Amino acid sequence: EETAEAAEVDHRTLNVLAMQRKQSKLDREKLNEALEEDPTINAYDDVFDRMKSNTETKKQVDSKDAKYFHAIVARTTKRKLEQERIEARMKRKEIEAEKELYGETEEFVTPGYQKRLDEIEEWERNQKVIDAQDRQTGQNALGFRRMLLDRMSTSAPAVEEEATKPPPVRPESQEGKGEEPSRGS
């Protein structure tokens, strides 16, 4: 009986191995067909990288910076340049005052400082152009206030007419000034 059982086990094992070979042959055929159809079928890393990069770009687009951060930075740099401009003017005035006291003296200006002065002058020219454009388009607070004043001035004549009219005169009672008027009792 043991030999019969061992023979049966060997027979089952052989059947399993035969089925696995048959299955692996079918699998290889399917794989070859798929590769013929699409040679990049096993390029998992490329697909994964593309999917990951798509989600990263969406995150970059969706990420919100501080709403007014760029305006704050621009305003800060503008203030710094204005402060430097003020300091440069004060130094020029001091130099002119010293010229009056001591006469002509040599001026020593470093190339870096001269470059910074040139940047400030260029900024001033650009700022004048921007201010002129703002005045034309009315995009700044001054333009807004000017628009409000213009609107108020068009409706102002009606208000001025009311202001120039004398107040209505109420007839005073004939009874004594210190007495209260009588009520029909």
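Accessible areas here come from the Shrake-Rupley method with a 1.4 Å probe. The model on screen is predicted.

**Whole protein.** Start with everything selected and a surface shown. The accessible surface of the protein comes to about 18,100 Å², and carbon and sulfur atoms account for 54% of that area. Of the 185 residues, 4% count as buried.

**Cartoon view.** Switch to secondary structure. The protein has 5 helices and 0 strands, and the pattern along the sequence reads α-α-α-α-α.

**Helix H1.** Select residues 2–37, which make up helix H1. Glu29 has its place in this helix. Is Glu29 buried or partly exposed? Its relative accessibility is 38%, so Glu29 counts as partly exposed, between the limits of 20% and 50%.

**Helix H3.** Move on to residues 69–102, the span of helix H3. Arg92 is placed in helix H3. With a relative accessible area of 44%, Arg92 is partly exposed, because that value also lies between 20% and 50%.

**Positive patch.** Now select Arg89, Arg92, Lys93 and Lys128, which form a positive surface patch. Which helix gives the most to the positive patch? Helix H3 does, with 3 residues.

Definitions and conventions: Residues numbered from 1 in each chain as written. Predicted model: local features only at pLDDT ≥ 70, side-chain atom pairs only at ≥ 80, totals over all residues. Heavy atoms only, no water. Helix = DSSP H or I, 4+ residues; strand = E, 2+ residues; numbered from the N terminus. Buried < 20%, exposed > 50% of the residue type's maximum accessible area, 1.4 Å probe, protein only. Patch = residues over 30% accessible without salt bridge, like charges linked within 9 Å, V, L, I, M, F, W, Y side chains within 5 Å. Salt bridge = Lys/Arg side-chain N within 4 Å of Asp/Glu carboxyl O. Lys, Arg positive; Asp, Glu negative; His and termini not counted. Charge placed at Lys NZ, Arg CZ, Asp CG, Glu CD.
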